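Q: I'd like a close look at one part of this protein. Could you walk me through the main pocket and what sits around it?

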Amino acid sequence: MECLQKHDMIPKCGNCDETIRRKGWGIMAFNEPTSKRILVTGGAGFIGSNLVDSLLADGNHVTVLDNFSTGKMENIQHNIGRSDFELITGDIRDYETCKKATAGVDVVFHEAALGSVPRSIKDPMTSTAVNVVGFVNML
């Protein structure tokens, strides 16, 4: 097998025996195609919900953590009731919620954030709490 490190725009594989698949918004490396437990923060937003659909289509179990401050239930409504989909309505600023959401997860796609420069100027404390403290909680 040819080393995947030679491919354009793919990060160093770390192991030439791995296969790398490009799908949707992310790049995931697997030794073999198996189902993963994946958390998507901000999974009800535009980018997050499209990522969720792609991950589910690939046979993964997906958990979404979203507080719906900017995300929309309509973006993920079609996944409610699936056995491979879980929704946690919560906030990344809450450390205990982050611990619960990441328990038993193989991969985290952290898409939750408060965008908008005007919003960050109007309310810098909330923007900082979500975008910095929330990020640290997800680590």
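This is a predicted model: local features need pLDDT of at least 70, side-chain atom pairs count only at pLDDT 80 or more; totals for chains, interfaces and linings use all residues.

A: Let's start with the lining. Helix 1 gives the largest share of the lining of the largest pocket, three residues. Helix 1 covers 46–57, and strand 4 (61–66) also supplies at least two lining residues. The pocket itself has a volume of about 310 Å³. It is lined by 20 residues, and the closest to its centre are Gly42, Thr70, Glu111, Ala112 and Ala113. By type, the lining splits into eight nonpolar, nine polar and three charged residues.

Now for strand 4, where you'll find Thr63. Thr63 counts as buried because its relative accessible area is 5%, and the cut-off is under 20%. Its side chain makes a polar contact with the side chain of Glu86, at 3.4 Å. Skipping neighbours within four places in sequence, Thr63 also touches Ile38, Leu39, Val40 and Ile88.

Val40 is a handy one to click on: beyond its neighbours within four places in sequence, its contacts include Leu51, Leu55, Val62, Thr63 and Glu111.

Conventions
Residues are numbered from 1 along each chain as its sequence is written. Side-chain values use heavy atoms; hydrogens and water are left out. On a 1 Å grid over the protein atoms alone, a cavity is a set of points where a 1.4 Å probe fits but cannot get out, and a pocket is an open set with protein on both sides within 12 Å along at least five of seven lines; lining residues have an atom within 4 Å of a point. Grid points are joined across faces, edges and corners, and a volume is the space filled by probe spheres set on the points. Helices (H or I, at least four residues) and strands (E, at least two) are DSSP runs, numbered from the N terminus. Ala, Val, Leu, Ile, Met, Phe, Trp, Tyr, Cys and Pro count as nonpolar, Asp, Glu, Lys and Arg as charged, and the others, Gly among them, as polar. Buried means under 20% relative accessible area, exposed over 50%, partly exposed in between (1.4 Å probe, protein chains only). A polar contact is a pair of N or O atoms within 3.5 Å; within protein, one must be able to donate a hydrogen and the other to accept it, and residues adjacent in sequence count only if both atoms are side-chain atoms. Contact means heavy atoms within 4.5 Å.
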